[in-house]
Amino acid sequence: MGTPAIKDVLVTFFMSEKCYEEFFVNFRLDVYCLKMVLGRLGGYWILFEVLLAQLLQLLTILWRGSAEGLSLTAVLLQLYAFSCPVVFAVTHNFPPVAWAEKFFLMGETAAVVLVILRFRGDTLRGVLLLFVHCALVVLLVNYAPASLVFKMQDSILPAVVLSKLIQARANYCNGHTGQLSRPSLILSLGGALGRAFNYWNPDKIVENLLHIVLVCVSVVLPIQLHYYRRNKKDKRQ
């Protein structure tokens, strides 16, 4: 790939023309441009997390034929958190393109819930649970007051943080991480970092603290996975 082609890619996806000149022509590290590049990288990582993290976890469970170690409570909290943006978007008449990836993520998470219960021998309960979830989403979209929808939207970040804390505690209590997907955890960590950087607002102290906690817990989970799997290998030797 020649230099003009590289420039086209960088200017199209990562920075402005002015920032390209600052970095690669004037060889100056401009703070504004650096923030722009990091923000766009964070945005792409968030998109990868939305599209792939739950899908990779689902494929891991199906490939290994087991959902051992996954906390159903944690996944249900994630399902709630990923359903809230869909309810919010539909009730506010956003175009489907604005929330399609959220709907996709909600569907992936619902599938994870179903396969967890399937491998626990409780398929009927899983089907009924998803039926109730779909019914609740439809009811909220059509009848929920605006105040409730806004409160649900504000509860997304706490729900995600709590879900990861519950999973981390489950790992500690079980002494293993079971079928947690390493690529999924790495994508989630990158997504947490991207959100903390892109959504940082000095006027929203509580939200900033929640983003910091989310990043910390997202770091703990892959550390647990590495630690417990290394110990398992050492015991086999």
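**Helical architecture, nonpolar cores and salt bridges**

The chain exposes about 13900 Å², of which carbon and sulfur atoms supply 68%. The structure described here is a predicted model. Along the principal axes, the C-alpha atoms fill a box of roughly 65 × 60 × 35 Å. The chain comprises 237 residues, and 40% of them count as buried. Its secondary structure consists of 10 helices and 0 strands, so that the order of elements from the N terminus reads α-α-α-α-α-α-α-α-α-α. Among contacts between residues at least 6 apart in sequence, 75% join residues at least 24 apart.

In soluble globular proteins, nonpolar side chains tend to be buried together. In the present model, the largest nonpolar core contains 23 residues, and those with the most contacts inside it are Ile 61, Leu 70, Val 112, Val 113 and Ile 116. Two or more residues are given to this core by each of helix H3 (31-64), helix H4 (72-91), helix H5 (96-119) and helix H10 (205-236). The largest share, 8 residues, comes from H5. A second, separate core is made up of 17 residues, including Ile 46, Val 50, Ile 156 and Val 161.

The surroundings of Leu 70 were examined with its neighbours within four places in sequence left aside. On this basis, Leu 70 is in contact with Gln 57, Ile 61, Val 112, Ile 116, Arg 120, Gln 167, Gln 179 and Leu 180. Among these partners, Ile 61, Val 112 and Ile 116 are also listed with Leu 70 as having the most contacts inside the largest core.

Ser 181 is located in the loop between helix H8 (156-174) and helix H9 (182-198). Ser 181 counts as buried because its relative accessibility is 3%, below the 20% cut-off. With neighbours within four places in sequence again left aside, Ser 181 is in contact with Leu 56, Gln 57, Thr 60 and Leu 225.

In helix H2 (residues 17-24), the buried residues are Cys 19, Tyr 20, Glu 22 and Phe 23. These residues lie on the same side of H2, because they cover an arc of only 165° around the axis. One of them, Glu 22, has a relative accessible area of 12% and forms a salt bridge with Arg 28, in which the closest N and O atoms are 3.0 Å apart. Arg 28, by contrast, is partly exposed, at 48% relative accessibility.

This pair belongs to a total of 3 salt bridges found in a search of the whole structure. Another is formed by Glu 49 and Arg 195, whose closest N and O atoms are 2.5 Å apart. Because Glu 49 lies in helix H3 and Arg 195 in helix H9, the pair ties together parts that are 146 residues apart in sequence. Both partners are buried: Glu 49 has a relative accessibility of 13%, and Arg 195 has one of 18%.

A salt bridge also joins the side chains of Arg 125 and Asp 122, with an N to O distance of 3.7 Å. Here Arg 125 is partly exposed, at 47% relative accessibility, and Asp 122 is likewise partly exposed, at 28%.

Key: Residues numbered from 1 in each chain as written. Predicted model: local features only at pLDDT ≥ 70, side-chain atom pairs only at ≥ 80, totals over all residues. Heavy atoms only, no water. Buried < 20%, exposed > 50% of the residue type's maximum accessible area, 1.4 Å probe, protein only. Helix = DSSP H or I, 4+ residues; strand = E, 2+ residues; numbered from the N terminus. Arc of directions from axis to C-beta. Core = buried A, V, L, I, M, F, W, Y, C linked by side-chain atoms within 4.5 Å. Contact = heavy atoms within 4.5 Å. Salt bridge = Lys/Arg side-chain N within 4 Å of Asp/Glu carboxyl O. Areas by Shrake-Rupley, 256 points an atom, 1.4 Å probe, with all protein chains shown as cover.
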